[in-house]
Amino acid sequence: YQRRVHGGGGGGDGGNVYLKVNSALRDLGHIKPRVRAQDGGNGRRKDRDGHRGKHTIVEVPVGTTVIDPRSSLLVHDLDTVASDDADDGEGASFSEPILLLRGGRGGKGNRAFRSSTQRAPRICTAGEAGESKLYDLELKLLADVGLVGYPNAGKSTFLSLVSRARPVVGNYPFTTLYPNIGRVSLLDGGGTFSVADLPGVIDGAHLNKGLGFEFLRHIERTKALAYVIDIGMAYVTFSRMVEGVPPLQVFEILREELDLYQPGLSSRAALILLTKCDTATEEVRADIQAQLASASGLPVHCVSAFDASTLLPPLAALRDRIAAVEQERKRGFDDSMADEHEHDWLP
C-alpha cells in the first residue's frame, strides 16, 4: 500500500520560449506584452513522471532586435533568414528557433529517493522556477535604400511611382507614420532593389522629437540613402511650415540629424533627389543642383511626378551604389577570411 501511494514520479520540466524569424511578417503587433511557456505537469502515482510543458515559439519579422532594457545591451539581432532554412511553400521562410528563456526543471518525486533501506519514502523536492526576464523587441526594417527627408517632401509619392507600394499620399505633414517598403524592378534585366519610405525627420529628431527614433532606427540597416528635398524651398517642422529655406540648408540639417543620432550615419552611399521640379524654372533647377552638388559632393537628380523620364536616372544611380556597397562588403569579408586562414596555418 505504501509503495502505491508514495511511489510518485518526478515533475515535468517547464517549456522554453523561443524566437523564430518569419519572413512573411512585417511588424510586431501580434506579440503579446507577456509571453510564457506551459508549466510542467505534476508527478503522478505509480512512478509516472509529469508531462513536459509545451514550448512557446514567438515568430518575429526579419530585422527584429532583442534588447535588455536594464543594460541596453543587444541580446539577439535577427537580421537574416538563411537560404537553407525552412520554407512553408507559400513564399515565407523561417529561421531555426533561438532559445530566449529556458523553462524550469521539474522536481523530484518520491521514487527518486527510494533505496534498499527506504522502500516507501515520503520525500520530494519542489521544481525550479524557469527564467523570467524583461526584453524589448525592436524592428529595424531591412531595405537597400532609405528615403530621408522632411515631412511632405515627396518621399511617399516617389515610392508610389517607382514601385507597387501604395503609401498614404497627402498634402499635409506626417502622412507616413510607419515605414513602407517597395520593390523597384528596372527594365531589361537592370536588377531589383528595395526602397523604404521612412517617416519624416524634423529638427531634434535625434532627441526623439516628432517621430524621432521611429524614423532614425530604420536607417541603420540601409545600404544607401536618398535625401529627398523639396525644390520649392520649404520644409515642415514639428509645428509649422517654414518657407524660403534653401535646399542646401535643408540637406545640411538632415545630414546633421543623422550624425547626431549615430556618428558616421550620413557617410553612407547616397544621392540627392530634388522633388516637385515641375514647379521651378529650368534656370532655378540648374542653380540649385549646382549648389547642392558642389557642397555635398553627391549626385543631384531632379524628379517630377508628372515626368516619368526623370525617375530612371536616379534609380539607375541607386542600383549602382547598392552594387558598389555589396561588392565592398564582399571584399572585406573575403579579406577577413583570408587573414583568419593565414593565422590558423602552422608550418
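The legends below describe close-up views of a predicted model.

**Figure 1. Overview of the predicted chain.**
The model is a prediction. Its chain is built from six helices and 16 strands. Of the 347 residues, 41% count as buried. Among contacts in the chain with a separation of 6 or more, 67% are between residues 24 or more positions apart. The accessible surface comes to about 19,800 Å², and carbon and sulfur atoms account for 50% of that area.

**Figure 2. Strand S15 and its two parallel partners.**
Strand S15 covers residues 269-275. Six of its seven residues are buried, so S15 is largely enclosed by the rest of the structure. Strand S12 (residues 224-230) runs parallel to S15 and is joined to it by seven bridges. In this pairing, Asp230 stands opposite Thr275 of S15. Strand S16 (residues 300-302) also pairs with S15 in the parallel sense, over three bridges. Here Ile272 has Val300 of S16 as its bridge partner. Helix H5 (residues 282-296) belongs with S15 and S16 to a β-α-β unit, which is right-handed.

**Figure 3. The largest nonpolar core.**
This core has 26 residues. Tyr227 and Leu274 are the residues with the most contacts inside it. Two or more residues each come from S12, helix H4 (247-261), S15, H5 and S16. H4 gives the most, with five residues. Apart from this core lies another, of 22 residues, which includes Val195, Ala224, Val303 and Ile322.

**Figure 4. Surroundings of Leu274.**
The view shows contacts of Leu274 other than those with neighbours within four places in sequence. The partners include Ile229, Ile231 and Pro247. Ile288, Gln289 and Leu292 are also in contact with Leu274. Leu274 is, with Tyr227, one of the residues with the most contacts inside the largest nonpolar core.

**Figure 5. The salt bridge between Asp230 and Lys276.**
Side chains of opposite charge can pair when their charged atoms come close. The side chains of Asp230 and Lys276 meet in a salt bridge, at 3.4 Å from N to O. Asp230 lies in strand S12 and Lys276 in the loop between S15 and H5, so the pair ties together parts that are 46 residues apart in sequence. Asp230 is buried, with a relative accessible area of 13%, whereas Lys276 counts as partly exposed at 29%.

Glu326 and Lys223 form a salt bridge in which the closest N and O atoms are 2.6 Å apart. The pair links distant parts of the chain, 103 residues apart: Glu326 is in helix H6 (residues 312-344), and Lys223 is in the loop between helix H3 (212-216) and S12. Glu326 is partly exposed, with a relative accessible area of 38%. Lys223 is buried, with a relative accessible area of 18%. Salt bridges that share partners join Asp144, Lys223 and Glu326 into one network.

**Figure 6. The salt bridge between Asp39 and Arg36.**
A search of the whole structure finds five salt bridges. One of them is formed by Asp39 and Arg36, whose closest N and O atoms are 3.0 Å apart. Both Asp39 and Arg36 are exposed.

**Figure 7. Ala196 in strand S11.**
Ala196 lies in strand S11, which spans residues 192-197. Ala196 is buried, with a relative accessible area of 1%. Leaving aside neighbours within four places in sequence, Ala196 is in contact with Ala143, Val145, Gly146 and Leu147, as well as with Asn180 and Ile181. The C-alpha atoms of Ala196 and Asp144 are 7.8 Å apart, although these residues are separated by 52 residues in sequence. Asp144 is also part of the salt-bridge network with Lys223 and Glu326.

**Figure 8. Helix H2.**
Helix H2 covers residues 155-162. Six of its eight residues are buried, so H2 is largely enclosed by the rest of the structure. The buried residues are Lys155, Ser156, Phe158, Leu159, Ser160 and Val162.

Note on methods
Residues numbered from 1 in each chain as written. Predicted model: local features only at pLDDT ≥ 70, side-chain atom pairs only at ≥ 80, totals over all residues. Heavy atoms only, no water. Buried < 20%, exposed > 50% of the residue type's maximum accessible area, 1.4 Å probe, protein only. Helix = DSSP H or I, 4+ residues; strand = E, 2+ residues; numbered from the N terminus. Pairing = 2+ DSSP bridges. Right-handed = clockwise from strand over helix to strand, strands pointing away. Contact = heavy atoms within 4.5 Å. Areas by Shrake-Rupley, 256 points an atom, 1.4 Å probe, with all protein chains shown as cover. Salt bridge = Lys/Arg side-chain N within 4 Å of Asp/Glu carboxyl O. Core = buried A, V, L, I, M, F, W, Y, C linked by side-chain atoms within 4.5 Å.
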